[in-house]
Amino acid sequence: MEITAAQIAEYLEGEITGDSSVIISKLSKIEEGTPGSISFLANPKYNHYIYSTNASVVIVNKTFKPEGSIKATLIRVEDAYKTFSKLLEYANQVKLMKSGIEQPSVISEGVTYGENLYLGSFCYIGKNTKIGNNVKIYPNSFIGDNVEIGDNTILFAGARVYSETVIGKNCVIHSGTIVGSDGFGFAPSEDGSYIKVPQIGNVVIEDDVEIGACTTIDRATMGSTIIRKGVKLDNQIQIAHNVEIGEHTVIASQTGVAGSTKIGHHCQIGGQVGIVGHITIGNNVRIQAQTGVGKNIADNEKIQGSPAMAYSDFSKSYVHFKNLPKIVKDIEKLKNN
């Protein structure tokens, strides 16, 4: 992509100081700027870089007042940080602007798809699958039978979507993620072996959900495993059968949620959290990293520890945990006296 500073300034609704015709082809940090790149300055700690950067264009706040000569063309905006984020989003859209069906790929009987489909090579689309407009499915992906995928959704390379899964609009599913694999359901038999319980449900992912790389979401035994609107899941998360995650909840890496647990809306769950099955976690709950959750959690709670306790109680208790050997020694002295 090549674009002039004038075109960028128009898109960002900014004011130019310097050469408006300079050509930009990439983005960079201000301290790593090179000719042909555009960067931004928002944090005053980095002000000194603007006088030495080799970036061709720098986005700055309108309030910025230079204290020396600057080689770069400046684009002045109300908020440099937010504006550069907008530019990053635009660049990402341009990078992902693909369409067409590459070969070899397999589109099975009864498949329907909308406008501007991108289907990468070595993809498989199962029978009777419905795909919306502007969907992008990158190479080596598998889509099973009777799947539904909404408009503007992206599945990156190597994603696996099992049959009957429903995926909403504007979703992003990253590489290596598996949606709709069997739930972990086995019944013990008299001889000590286990009999597999058929998993005949599905997974429903609502609009505006993003799922990180190598995350697994199991299909329900019956009914649906449900990921509500706006949920963001990190890499390497396990969501078991019949779990429901409420709107706009975010979960960090290596967390595991056991079967049939219900998580409320707008929760924040840290990394390496373990959540047992068949419990309910309320709305707006904050769960610190490496917490073990073994019981229902009410709305608006903040918890930490394993087993979990109130975050403030954990912080107070930790002072004593680390001093426990000395405390025990002092108690023994008191007893002896």
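Reader: At what angle do helix H3 and helix H4 pack?
Author: One thing before that: this is a predicted model. Helix H3 (residues 311-322) and helix H4 (residues 324-336) pack at an angle of about 65°. Their axes are 4 Å apart.

Reader: Why give both an angle and a distance?
Author: Because two packed helices are described by the angle between their axes and the distance between the axes.

Reader: Back to the pair. Which residues of H3 and H4 make the contact?
Author: From H3, they are His320, Phe321 and Lys322. From H4, they are Leu324, Pro325 and Ile327.

Reader: How do the residues of that contact divide into nonpolar, polar and charged?
Author: Four are nonpolar, one is polar and one is charged.

Reader: New topic. How many salt bridges are in the whole structure?
Author: A search finds seven. Side chains of opposite charge can pair when their charged atoms come close.

Reader: Let's stay in helix H4. What do the side chains of Asp330 and Lys326 do?
Author: They meet in a salt bridge, at 3.2 Å from N to O.

Reader: Why are Asp330 and Lys326 separated by about one helical turn?
Author: Because they are four residues apart in helix H4.

Reader: Is Lys326 buried or exposed?
Author: Lys326 is exposed, with a relative accessible area of 54%. Asp330 counts as partly exposed, at 33%.

Reader: Which residues do salt bridges with shared partners join into one network?
Author: Glu15, Lys62 and Glu78.

Reader: What is the N to O distance between Lys62 and Glu78?
Author: Their side chains meet at 3.2 Å, in a salt bridge. The pair links distant parts of the chain, 16 residues apart. Lys62 is in the loop between strand S6 (57-61) and strand S7 (73-77). Glu78 is in the loop between S7 and H2.

Reader: Is Glu78 buried or exposed?
Author: Exposed, with a relative accessible area of 65%. Lys62 is partly exposed, at 36%.

Reader: Next pair. What does Glu164 form with Arg219?
Author: A salt bridge, with the closest N and O atoms 3.6 Å apart. Glu164 lies in the loop between S18 and strand S19 (166-167), and Arg219 in the loop between strand S26 (216-218) and strand S27 (224-227), so the pair ties together parts 55 residues apart in sequence.

Reader: Why does Arg219 count as buried?
Author: Because its relative accessibility is 6%, and buried means under 20%. Glu164 counts as partly exposed, at 32%.

Reader: Now the surface. Which residues form a nonpolar patch there?
Author: Val106, Tyr124, Phe142 and Tyr162. Together they have about 320 Å² of accessible area.

Reader: Where is the place of Phe142?
Author: Phe142 is in strand S15 (residues 142-143). Phe142 is partly exposed, with a relative accessible area of 31%.

Reader: And where does Ala157 lie?
Author: Ala157 sits in the loop between strand S17 (154-155) and strand S18 (160-161). Its relative accessible area is 33%, so Ala157 is partly exposed.

Reader: Leaving aside neighbours within four places in sequence, which residues is Ala157 in contact with?
Author: Tyr138, Pro139, Ser141, Ser175 and Gly176. Take Gly176: Ala157 and Gly176 are 19 residues apart in sequence, and their C-alpha atoms are 7.4 Å apart in space.

Reader: What about Ser99, how far is it from Glu31 in space?
Author: They are 36 Å apart, C-alpha to C-alpha, and 68 residues apart in sequence. Ser99 lies in the loop between helix H2 (80-95) and strand S8 (100-101). Ser99 counts as exposed, at 53% relative accessibility. Beyond its neighbours within four places in sequence, Ser99 is in contact with Asn116, Leu117 and Tyr118.

Reader: Last topic, the backbone. Is the peptide bond from Gln103 to Pro104 cis or trans?
Author: It is cis, with omega near 5°. Pro104 is in the loop between S8 and strand S9 (106-107).

Reader: What phi does Cys214 have?
Author: A positive phi of about 60°, although Cys214 is not a glycine. Cys214 is in the loop between strand S25 (210-211) and S26.

Reader: And what phi does Gln272 have?
Author: Gln272 has a positive phi of about 60°, and it is not a glycine. Gln272 is found in the loop between strand S34 (268-269) and strand S35 (274-275). Gln272 is partly exposed, at 39% relative accessible area.

Conventions
Residues are numbered from 1 along each chain as its sequence is written. This is a predicted model: local features need pLDDT of at least 70, side-chain atom pairs count only at pLDDT 80 or more; totals for chains, interfaces and linings use all residues. Side-chain values use heavy atoms; hydrogens and water are left out. Patches are made of residues with over 30% relative accessible area and no salt bridge: like charges are joined within 9 Å, nonpolar side chains (Val, Leu, Ile, Met, Phe, Trp, Tyr) within 5 Å. Accessible areas come from the Shrake-Rupley method with a 1.4 Å probe; for residues, only the protein chains shown count as cover. A salt bridge is a side-chain nitrogen of Lys or Arg within 4 Å of a carboxyl oxygen of Asp or Glu. Helices (H or I, at least four residues) and strands (E, at least two) are DSSP runs, numbered from the N terminus. Buried means under 20% relative accessible area, exposed over 50%, partly exposed in between (1.4 Å probe, protein chains only). Contact means heavy atoms within 4.5 Å. Axes are lines fitted to C-alpha atoms, for helices over the stretch in contact, and angles run from 0 to 180 degrees between N-to-C directions. Ala, Val, Leu, Ile, Met, Phe, Trp, Tyr, Cys and Pro count as nonpolar, Asp, Glu, Lys and Arg as charged, and the others, Gly among them, as polar.
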